[in-house]
Amino acid sequence: RSVSPFEVGTEFREALDQADWECLEGRLHPACEYFLRGETLRGAAAIIGSYREADTWAKSTFESVAYESLIMESDTTHCVVRFIDRITHASETFVHISHQRITIDDAGWVTRIEHIDFPGQREAAAAFNRRHGVSRE
């Protein structure tokens with residue numbers, strides 16, 4: 001193994017926190033699959049496009065968006081990353097927390113990403129958006 005899953009997970013999370021799409025592309029296997037709320041995205045381009053679109057929308061919609069993340073657990077083939085998004089609009093800050101479980105192959109490629117929502121988080125985000133007249137549709 002060229003790099004540990006922990007190292008790959010760290011690069012993955014830092015690339016997302018910094019919107020460094022080139023770095024992220026260097027870690028995603030070309031056939032990587034991303035499982036997100038009942039949808040499956042396949043391929044690095046589609047996955048990066050999804051992350052980029054969400055980032056662009058948030059930064060163009062809210063007064064302030066700050067990302068941070070940390071590795072919650074790591075073993076020989078997986079990492080679980082906690083993502084903490086702090087979104088501020090009209091003097092109110094909402095903190096959205098989710099996990100992504102990533103699978104890493106022996107060559108150090110991320111081959112699978114599974115998004116994990118915490119109970120109540122999506123509803124709380126929707127309520128925050130409603131309070132501020134924001135819609136993503």
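The following questions and answers concern a predicted model.

Visitor: How many disulfides does a search of the whole structure find?

Guide: A disulfide is a covalent bond between the sulfur atoms of two cysteines. Here the sulfur of C79 is the nearest cysteine sulfur to that of C32, and it is 14 Å away, whereas a disulfide requires sulfur atoms within 2.5 Å. C79 is likewise in no disulfide. The search of the whole structure gives a count of 0.

Visitor: Is C32 buried or exposed?

Guide: A residue counts as buried when its relative accessible area is under 20%. The relative accessibility of C32 is 0%, so C32 is buried.

Visitor: In which order do the strands of the open sheet lie?

Guide: The sheet has 6 strands with mixed pairing. Its edge strands, each pairing on one side only, are strand 2 (39-42) and strand 3 (64-74). Neighbouring strands are turned against each other by 20 degrees on average, direction ignored. The order of the strands is 2-1-6-5-4-3.

Visitor: Which residue in strand 2 stands opposite L36?

Guide: Strand 1 (residues 28-36) and strand 2 run antiparallel and are joined by 4 bridges. Within strand 2, the residue opposite L36 is E39.

Visitor: What angle does the direction of helix 4 make with that of strand 5?

Guide: Helix 4 comprises residues 121-131, and strand 5 comprises residues 92-104. This helix packs on the sheet, touching strand 4, strand 5 and strand 6. Its direction makes an angle with that of strand 5 of about 145 degrees.

Visitor: How far apart in sequence are the parts that the pair of F94 and F128 ties together?

Guide: F94 and F128 form a stacked aromatic pair, 5.5 Å centre to centre with 25 degrees between the planes. Both residues are buried. Since F94 lies in strand 5 and F128 in helix 4, the pair ties together parts whose separation in sequence is 34 residues.

Visitor: Which residues form one aromatic cluster?

Guide: The count of aromatic pairs comes to 6. Rings pair if their centres lie within 6.5 Å. One aromatic cluster is formed by F12, Y34, Y51 and F83.

Visitor: The backbone nitrogen of which residue lies 3.3 Å from a polar atom of the side chain of H89?

Guide: Not counting residues up to four places away in sequence, H89 touches T61, F62, E63, F128 and H132. The backbone nitrogen at 3.3 Å from a polar atom of its side chain belongs to E63.

Visitor: What is the length of the polar contact that joins the side chains of H115 and D117?

Guide: H115 is in strand 6 and is buried, with a relative accessible area of 13%. Leaving aside neighbours within four places in sequence, H115 is in contact with several residues, among them Y34, L36 and Q100. A polar contact of 3.3 Å joins its side chain to that of Q100. For the side chains of H115 and D117, the polar contact is 2.9 Å.

Technical notes:
Residues numbered from 1 in each chain as written. Predicted model: local features only at pLDDT ≥ 70, side-chain atom pairs only at ≥ 80, totals over all residues. Heavy atoms only, no water. Buried < 20%, exposed > 50% of the residue type's maximum accessible area, 1.4 Å probe, protein only. Polar contact = N/O pair within 3.5 Å; in protein donor to acceptor, adjacent residues only side chain to side chain. Contact = heavy atoms within 4.5 Å. Phe/Tyr/Trp six-rings, centres within 6.5 Å; stacked < 30°, edge-to-face > 60°. Helix = DSSP H or I, 4+ residues; strand = E, 2+ residues; numbered from the N terminus. Pairing = 2+ DSSP bridges. Axes fitted to C-alpha atoms, helices over the stretch in contact; angles between N-to-C directions.
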